[in-house]
Amino acid sequence: MTAPVSSPATDAAVRLLTGLVERGVTDIVLSPGSRSQALALAATALARSGSVRVHVRIDERVAGFTALGLGRESGAPAALICTSGTATAGYLPAVMEAFHAGVPLILLTADRPPELRGVGANQATIQPGMFRPWARLSVDAPVPGDAEPAVFAALAADAVAAAVGAAGEGLEGVAGPAHLNLPTREPLSGAVPDPLCATRGALPPSAPARPLRIAAGPRTVVVAGADAGPDAARIAREAGWPLIAEVVSGARSGDPHVVPAYRDRLHDAALAGRIQRVVVFGHPTLSREVAALLRRTDLDIVAVRRGGERLNPSGTAVDARGVEVEPGPEDPEWLAAWTAPLVRGAAPAVDSGPVERAVVDRGALVRAVWAAGRPVDRLLFGSSRIVRVADQLLEGRDVRVHANRGLAGIDGTIATGIGIALAAEAGEAPGAGGTTRVLLGDLSLLHDVGSLLLPADEPAPRIQVIVGNDGGGTIFDGLEVAGTAPSADLDRAFYTPQSVALEPLAAAYGWTFVRAGTVAELERALAAEVTGPQLIEVPLAR
C-alpha cells in the first residue's frame with residue numbers, strides 16, 4: 001500500500017518529536033500499533049539520522065519501565081509511544097513509580113478523535129486525563145489538521161519542562177511524568193521527510209528551589225532513603241551529623257559519618273531518645289525502625305522532597321526542596337555515639353566446608369554482588385527479601401545504586417535494569433565497559449519475564465540479572481501473616497511456591513545462563529567479562 005504524500009498526523013508527529021529532541025530528549029521507547037503509526041515512523045526516521053535512540057518493546061508495561069530506567073540513570077525523560085486502548089493503560093505502573101520517585105517521563109499516547117469517543121469505536125476508551133493524579137502535565141492535544149503544526153512543537157517544550165521539574169506550580173524542581181494524549185484522524189500516516197534530522201539540545205534547567213536554612217545546634221540525624229543521592233552525605237559532612245543511609249540511597253559510601261548497623265542504634269532507647277531533629281532525603285522504606293522514627297511527633301522533622309508526594313508520616317514534618325545548614329559548632333560526641341563500632345559477642349562459627357563448596361545464603365549473595373561493583377558499574381536492587389538483607393549487612397562502597405522504591409513494587413524490575421544499562425552505556429567513557437547488575441528474587445523475575453525479550457536489531461545491553469531463587473515469596477516469613485495464617489493458606493496465597501526451570505527460560509529469550517550454587521561459582525560469574533544479557537541463578541534455601 002502506497003503511503004499518502006502527506007498527512008496532518010505525520011506533520012504533527014514530526015514537529016512533536018523533533019521538538020522533544022531539540023529540548024534534550026535522547027531516547028524513545030515505542031510499542032507497535034496502528035493509531036500511533038505516524039509517531040512510530042517519525043521516531044524511526046529520527047533514529048536513522050542519529051538524532052535519537054529508539055527502543056522497541058511489544059509490551060507497554062515493559063516499555064514503561066524501560067523508559068523509567070533510562071530516566072533514572074540519565075536524568076533525562078525518555079518518551080513513550082503507544083497506540084490507543086488498553087495499550088495506554090499498560091503504562092500505569094511505571095507512571096505511578098515515576099511520580100512517587102521523581103523520575104522524568106513523557107507519555108505520547110495515540111487516541112481516537114473526539115467524534116469517535118464514547119460511541120463504541122474500536123480500541124477507544126477514556127484516555128484524556130488517564131494519568132492525571134500522577135502527571136505533572138496532562139494535555140488532550142488538538143487533532144492534527146485542526147491546529148497549526150507549530151502547536152505540537154510548543155507541546156513538546158511544555159512536556160519536557162514539566163517532566164524535568166522546570167515548570168509546574170507547587171512542585172518546582174521535582175521531576176515526574178508528563179502526558180500528551182494525541183488524537184488523530186485518517187490518514188494515520190504519510191510520507192516522512194527523508195532524511196529527518198534534529199539537533200539535540202540541552203534539557204531546560206530545573207526550576208530553582210529555595211533551600212530551607214536550619215540551625216546547626218539541635219542533635220540531628222540525617223536519614224537517606226531511596227534516591228537520596230549525594231546531597232544527604234554532603235549535609236551530614238558539612239554539619240558533622242550521623243548519616244543513616246539505606247543501601248539503596250546512593251549515600252552509603254565509606255564516609256565516616258555513615259552509621260553502621262543503624263537498626264541496632266535506633267533500638268537503643270537511650271541513644272534514639274536523645275534525637276531532637278531528623279533531616280530526611282529520599283524515600284526511606286527498608287526498615288521498621290526508621291519508619292517508627294519518622295512517625296515520632298516529639299521531633300523536628302525536615303523532609304526534602306524527591307517525588308510528587310510529600311513525606312510526612314508524623315503529620316508534623318516540614319516539606320523542603322533543599323536544606324542549608326547555618327554555621328555553628330559541631331558536636332563530635334553526638335557523632336561518635338552513632339558511628340563508633342558496635343561491641344558484639346562473637347558470632348558462632350559456621351563450618352561450611354572449603355570455599356569452593358560453600359553454599360550461598362542471602363548474606364553471601366549480597367556481599368558477593370556488592371563486592372563485584374565498581375564505580376563504572378550500576379546495581380539495581382529489586383523489591384524483595386534480598387534488599388533488606390543487603391541493607392542490614394553491607395558496608396559503604398562507591399557503587400551507583402538504583403531501586404524502584406517510590407512504591408516498592410516488584411513491577412518491571414528487569415525492564416528498569418535494562419533501561420539503566422542502556423542509558424549508562426550511552427553515557428560512559430570509551431572503554432569503560434561498565435556492567436549493570438540487577439539483584440532480585442524469583443517472583444520478581446517471573447513477574448517481569450517479558451522484559452527478557454530484546455529486539456535482535458538493537459544493541460544488547462551488558463547486564464547481569466542475578467536471581468536469588470528460594471522457590472517463592474519468603475519475604476512473608478517476616479510479616480504478621482506468617483504467625484496468623486494456616487500453613488496451607490500461607491503457602492498458597494502468599495509464598496506462591498514455584499519451580500520454573502530458569503535455564504531453558506533464559507535460552508528461549510537468547511540470554512546466557514549460569515547457575516551458581518557455591519560462593520566460588522558466584523564470584524567467578526560476577527568477575528567474568530559481560531558482553532550481553534546474562535541470567536545468573538543462585539539457589540537459596542527456604
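Tutor: A residue is called buried if its relative accessible area is under 20%. The model discussed here is a predicted one.

Student: Is Trp370 buried or exposed, then?

Tutor: Trp370 has 6% relative accessibility, so this residue counts as buried.

Student: Which aromatic residue does Trp370 pair with?

Tutor: Trp370 pairs with Phe381 in a tilted arrangement, with 6.5 Å centre to centre and 35° between the planes. Because Trp370 belongs to helix H12 (residues 362–372) and Phe381 to strand S14 (residues 378–381), the pair ties together parts that are eleven residues apart in sequence. Phe381 is at 3% relative accessibility and therefore also counts as buried.

Student: How many aromatic pairs are there?

Tutor: The count is two. Trp334 and Trp338 form an edge-to-face pair, 5.7 Å centre to centre and with 75° between the planes.

Student: Where are Trp334 and Trp338 in helix H11 relative to each other?

Tutor: They are four residues apart in helix H11 (residues 332–339), which means that about one helical turn separates Trp334 from Trp338. Both Trp334 and Trp338 are buried.

Student: Changing topic: what is the strand order in the open sheet?

Tutor: Its six strands are ordered S2-S1-S3-S4-S6-S5, with parallel pairing. Strands S2 (53–56) and S5 (137–140) are at the edges with a single partner strand each, so one side of each has no neighbour in the sheet. From one strand to the next, the twist averages 15°.

Student: Which strands does helix H1 touch?

Tutor: Helix H1 (residues 8–22) packs on the sheet and touches S1, S3, S4 and S6. The direction of helix H1 makes about 175° with that of S4.

Terms used:
Residues numbered from 1 in each chain as written. Predicted model: local features only at pLDDT ≥ 70, side-chain atom pairs only at ≥ 80, totals over all residues. Heavy atoms only, no water. Pairing = 2+ DSSP bridges. Helix = DSSP H or I, 4+ residues; strand = E, 2+ residues; numbered from the N terminus. Axes fitted to C-alpha atoms, helices over the stretch in contact; angles between N-to-C directions. Contact = heavy atoms within 4.5 Å. Phe/Tyr/Trp six-rings, centres within 6.5 Å; stacked < 30°, edge-to-face > 60°. Buried < 20%, exposed > 50% of the residue type's maximum accessible area, 1.4 Å probe, protein only.
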